[in-house]
Amino acid sequence: MRAADFNKDGHLDIVTVNQDGGAVGLLLGDGKGGFRKAPGSPFPAGDTPWSFSVGDVNGDGNPDVAVIPYERDIREPKKLGVTVLLGDGKGRLATMPGSPFSLAGCEGPSRIAIGDLRGNGLHDMVVLCAQNHKLFFFLGTRDGTFRVFKRDVATGWGGLAVGKLDGSGKDSVIITNHDQDTITILFSK
């Protein structure tokens with residue numbers, strides 16, 4: 001579950017995934033502890049949505065949702081990818097053109113995070129591949145697409161986060177590796 005203001009009313013809303021239903025649910029908060037289903041919710045989110053992150057993927061000022069599937073339950077390997085649902089600022093989500101973005105070569109995608117890794121105002125996504133110790137980077141471009149590159153990193157079934165750690169204005173990537181009892185920090189150049 002994640003919280004963000006998806007309809008710009010100043011109140012936090014709640015996002016959840018329904019793995020069996022292939023959808024993301026959005027509940028709009030009223031600021032008094034009450035929630036109602038957003039118009040059109042639940043929103044299709046690809047096969048077996050599992051782990052997700054909330055952030056402004058396309059730079060329009062609205063929170064978006066990036067979802068990765070539970071790989072073991074995917075019936076068609078070509079559906080292994082990141083599904084991005086773009087927020088419209090009114091409490092609705094729509095699938096980003098080109099979605100899902102391929103995760104071919106990522107074994108055991110387990111976590112996803114969104115942040116500005118280059119300090120250029122464009123938002124990027126990082127996916128942790130637990131079984132083959134890789135990170136997939138989806139670097140946002142001005143034309144709304146992603147440049148993808150991969151990096152070998154000791155990952156395992158751990159955690160993933162991005163955040164500003166060094167005053168550079170760029171987000172760094174933080175990975176926990178349960179198998180090795182380590183934390184790895186990748187600072188952006």
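Two strands count as paired if DSSP finds at least two bridges between them. The strands themselves are DSSP runs (E, at least two residues), just as helices are DSSP runs of H or I with at least four residues, and numbering starts from the N terminus.

A quick word on the model: it is predicted, so local features need pLDDT of at least 70 and side-chain atom pairs count only at pLDDT 80 or more, while totals for chains, interfaces and linings use all residues. Residues are numbered from 1 along each chain as its sequence is written, and side-chain values use heavy atoms, with hydrogens and water left out.

Let's start with β1 and β2. Strand β1 (residues 2-4) pairs with strand β2 (residues 13-18) in the antiparallel sense, over three bridges. Here Arg-2 sits opposite Val-15 of β2. On to β3: strand β2 also runs antiparallel to strand β3 (residues 23-29), and five bridges join the two. Val-17 has Val-24 in β3 as its bridge partner. Together β2 and β3 form a hairpin with four residues between the strands, and in this hairpin Gly-22 takes a positive phi near 65°.

Further along comes an open sheet of four strands, lined up in the order β11-β12-β13-β14 with antiparallel pairing. Its edge strands, β11 (109-115) and β14 (146-152), each pair on one side only. Neighbouring strands in this sheet are turned by 20° against each other on average, direction ignored; the axes behind such angles are lines fitted to C-alpha atoms (for helices, over the stretch in contact), and angles run from 0 to 180 degrees between N-to-C directions. Zooming in, β11 and strand β12 (residues 124-129) pair in the antiparallel sense over six bridges, and Ala-113 faces Val-126 of β12.
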